[in-house]
Structures are given as C-alpha cells and as structure tokens.
Amino acid sequence: MKTTVLRLAIVTSFVACAGNTTAPPENGGNGSVQSVTLEPDRDNTLYEDPNGALSNGAGDFIFVGRTGATAQDAIRRALVRFDVTGSTIPVGSTVDSVRLRMNMSRTRAGPTNVTLHRVTSDWGEAGSDAIGPSGQEGTGAAAESGDATWIHRFFDVDQWAALGGDFVSAESASTQVMTTGFYTWGSTASMVADVGGWLNNASTNFGWILIGDESASMTAKQFGSRDNSDADNRPKLTIFYSQP
C-alpha cells in the first residue's frame, strides 16, 4: 500500500487593528476574528462500479456528476476531508464563517448545481492513480488497499452502509458550477455547524461529499485534488474563528 503523506497548508491572518477590533461581515461585528486556510489531508473519487473496484486516491483530480462515455455512463462523487483539529485553531474557539474554494478544470456540461453533504462514516485514500496516456482520470484506476470506492469505505474490507457513500441527505451548501474556474461554497449555517462539530469532536470528522447532477449523462465536472501539481488549484477551506 502506498503511504500517503499528509499535507496541511495553514495561513493565519488577523482581522484586527490596534484600538479598532472591527470584524469581517461573517462575524457580525463580534470582535477580533482570525482565519486559517487548510488543504485537505485526504480526498478521493467514488466511481459508480458494480464491483467497487475503482478509485483515484493519488490522482490530480476528483470528479462529480455523471459521465457520458460510450463504454461507461456512471456517477462520480468526490470526497474531501480537512484536519480541523490539527490546525492552529485554539480549543474552545467559535467558528464564525466557513468557505470552501475549488478549481473546476474540465467539463462538457453547462451550469449544474454541486452540493456539499457531511459524510457520516470514515473512509480512506490510498495510492491508486487514474492518470492515463491522455492525462485524464475520469474512468478511475484499480483500487488499492485502503481506498474508498463506490462500495467500500476502505477497499476491500469495510463497506459503506449505502452504495455511493454514507452522508447526510440535507445539503450543507450548494453552488452553481458553469465554465472552468474557481468556485466557492459557503458560508452557510450548516457548514459552520459541520466544522464547529469537527473542531469539538475530531472523531466525527469524515469530511464532505460533493454531488453533481446525476440525473443525466455528460454532466461530469473535474476539480483539482490535493495532489494537483498546481498548489493553487487544490481545494482550500478557509475558517474564520473567534478565540475564547
């Protein structure tokens, strides 16, 4: 099994001036607010497959929506997790605002909504890499031990309770994704509650799953993963918080 090196990019900024502790709008003026920006410590794509044998733990991209390939018209869902408790946020802090920023780099579809849902079961990322001669990763690669797949939380031992992942049905956030470029989810009350819960109880942090339009073919969208060669194209979670 390929060992995955966890990366945590942290940028801390202070939104306060001496004698003037004006907070950003997200905080509603509740005092001095700080922020931290994180990259995922793991991500992966769930490729709809009856054998649960496909994954992309080490690939440059993650995918959502439905493909339109002749040989395979199937759903893709993206998993992403951030190590909130391993960041510089002090214990007891209040999460005021949360924003997820991702880069969408390839699509054949027009505008589609991509929703964010809190995952309720743990899952894995191993060394599978779907990159092929064309440089595309949409069809997936053979899952390695510990990878998340359509059937498995950790290939090929532990399974999801439901095919395609275990997650809260109510969305935490939604945004319309159109042409290539950067997109932001949040801040929403649900995202704040998700991150606040993870900060207070790390054992519940299984990240989010991103779900695109699964009702029709040719709706798939490609996003940069944490392994993307361009650091700017990797997912970024910015958390604004107030210290106790």
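**Figure 1. Secondary structure and surface of the predicted protein model.** The model is predicted: local features need pLDDT of at least 70, side-chain atom pairs count only at pLDDT 80 or more, and totals for chains, interfaces and linings use all residues. Residues are numbered from 1 along each chain as its sequence is written, and side-chain values use heavy atoms, with hydrogens and water left out. The protein has 244 residues, of which 52% are buried (under 20% relative accessible area, with a 1.4 Å probe and protein chains only).

Figure 2. Strand 15 covers residues 221–224. Lys221 and Phe223 lie on one side and Gln222 and Gly224 on the other, and all four are buried. In a regular strand, side chains alternate between the two faces of the sheet. Strand 5 (residues 61–66) runs antiparallel to strand 15 and is joined to it by four bridges; two strands pair if DSSP finds at least two bridges between them. Strand 7 (residues 94–107) is also antiparallel to strand 15, with three bridges. Phenylalanine 63 stands opposite glutamine 222, and threonine 107 stands opposite lysine 221.

**Figure 3. The surroundings of glutamine 222.** Glutamine 222, in strand 15, is buried, with a relative accessible area of 7%. Its side chain makes a polar contact of 2.7 Å with that of serine 105 (a pair of N or O atoms within 3.5 Å; within protein, one must be able to donate a hydrogen and the other to accept it, and residues adjacent in sequence count only if both atoms are side-chain atoms). Residues that glutamine 222 touches (heavy atoms within 4.5 Å) include Phe61, Ile62, Asn103 and Met104, not counting residues up to four places away in sequence.

Methods: Buried means under 20% relative accessible area, exposed over 50%, partly exposed in between (1.4 Å probe, protein chains only). Helices (H or I, at least four residues) and strands (E, at least two) are DSSP runs, numbered from the N terminus.
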